[in-house]
Amino acid sequence: MHTPLVLGIETSCDETGLALVRGLDLLVDVTASSMDDHARFGGIVPEVASRAHLEAFEPTLNHALEQAGVALSEVDAIAVTSGPGLVGSLTVGVAAAKSLAFGLGVPLYGVNHVLGHVAVDALVHGPFPPVFIGLVVSGGHTSLLLVRDIATDVVELGQTLDDAAGEAFDKVGRLLGLPYPGGPHVDRLAQDGDRTSFAFPRGLSRPKDQAVHAYNFSFSGLKTAVARVVESFEDAATQVPAADIAASFSEAVADVLIAKTVAACREHEVDTVVIGGGFSANSRLRALAAERFAEAGITLRLPPVRYCTDNGAMIAALGSAVVASGLEPSPWDFTTDSAMELTQVLAST
Ligand code: KG4
Ligand code: ZN
């Protein structure tokens with residue numbers, strides 16, 4: 001039987017991502033980013049991001065089709081991020097996807113961006129096992145999932161109660177005077193620092209947190225602790241040991257993410273972990289995860305960095321899984337949902 005060719009469209013934030021997937025085969029993945037337009041503002045400017053998607057959409061689509069040697073008419077189904085994300089950015093992608101699907105007469109699926117960060121790993125490491133723990137760490141999300149089927153059976157075990165991991169890095173980047181987005185800069189700086197210099201707190205990790213918050217995260221206390229240390233050096237008019245702070249902070253974040261993921265594997269008797277999301281590009285997280293999961297006898301599936309940050313392949317991958325599961329397409333009047341719940345795979349009205 002013919003495996004459907006799925007076009008994936010991602011426009012939830014500043015990346016315009018388009019990709020084509022057939023089954024678990026990635027034919028092409030093209031991304032245009034408007035990050036350079038936002039960097040000088042110290043954060044994403046939603047109106048600027050929406051306009052950039054409008055400019056980039058058609059050239060990026062054509063580029064993807066050309067590179068794959070595929071005609072638009074060969075597309076069998078379209079998946080588009082319907083949430084969570086910036087409403088204006090999502091709206092550009094959803095409107096474009098509706099136009100394309102309507103014109104081509106193919107089914108359209110509005111899908112969950114966060115689940116896409118997990119789904120993409122199947123394009124890299126092959127079919128998922130019958131059950132696994134998913135850890136999604138990005139600029140907007142930090143969630144621990146128990147996944148039996150990425151299209152139909154995802155249970156949220158926990159999430160961050162305040163900042164996301166990437167967001168905490170961006171804020172610490174600002175404290176250390178680094179350019180936006182701070183995450184990659186803090187990561188680079190940390191590589192020259194001593195991870196043991198400062199004993200920063202591991203949020204929600206005390207015995208009394210186990211009852212309710214075993215799988216929830218909190219990074220706001222950690223961020224405040226970093227701010228206090230930075231201030232103490234500034235007040236003393238001594239040079240801030242930025243690399244040591246970055247390294248100790250990175251260690252605290254990676255440590256707590258991994259410890260809770262290992263605990264979730266133990267409790268649910270799961271032996272595979274899939275990590276996704278922009279923050280999984282973090283070098284300390286990648287190194288410590290490799291070490292700790294190996295020690296615990298857990299198989300770690302971590303896609304290459306280019307599939308960790310936002311891209312079209314993750315949406316095409318989730319679309320492909322949804323199509324394979326035989327789920328109904330989203331209704332034509334579905335809208336964007338900036339706060340789409342993790343338990344919701346597909347957009348509804
Ligand atoms: O998944 P993503 O591309 O966008 C969202 O859906 O949020 O994640 C972007 C986030 C930003 O906060 C960025 O600073 C962070 O991931 N990030 C990193 C690294 N690369 C990206 N944080 C720490 N270390 C990195 N190497
Ligand atoms: Zn993302």
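Start by selecting residues 15-22 and 25-33: these are strands β2 and β3, which pair in the antiparallel sense over eight bridges. (Strands are DSSP runs of E with at least two residues, helices are runs of H or I with at least four, and both are numbered from the N terminus; two strands pair if DSSP finds at least two bridges between them.) Click on Leu 18 and you'll find Val 30 of β3 standing opposite. Now look at the turn: the hairpin of β2 and β3 has two residues between the strands, and Gly 23 takes a positive phi near 65° there.

Before you go on, some ground rules: this is a predicted model, where local features need pLDDT of at least 70 and side-chain atom pairs count only at pLDDT 80 or more, while totals for chains, interfaces and linings use all residues. Residues are numbered from 1 along each chain as its sequence is written, chains are lettered from A and ligands numbered from 1 in the order in which they are written, and side-chain values use heavy atoms, with hydrogens and water left out.

Next stop, the five-stranded open sheet: its order is β8-β7-β6-β9-β10, with mixed pairing. Which strands stand at the edges? Select 153-159 (β8) and 299-301 (β10): each has a single partner strand, so one side of each is left without a neighbour in the sheet. Further in, β6 (132-137) and β9 (272-276) pair in the parallel sense over four bridges, and Val 136 has Gly 276 as its bridge partner in β9.

Last, select ligand 1. Of the 20 residues around it, Gly 139, Asp 170, Asp 187, Gly 278 and Asn 282 come nearest. (A residue counts as near if one of its heavy atoms lies within 4 Å.) Then look for polar contacts, which are pairs of N or O atoms within 3.5 Å. A side-chain N or O atom of His 117 is 3.2 Å from an oxygen atom of ligand 1, and a backbone N or O atom of Gly 166 lies 3.3 Å from an oxygen atom of the ligand.

Note on methods:
A polar contact is a pair of N or O atoms within 3.5 Å; within protein, one must be able to donate a hydrogen and the other to accept it, and residues adjacent in sequence count only if both atoms are side-chain atoms.
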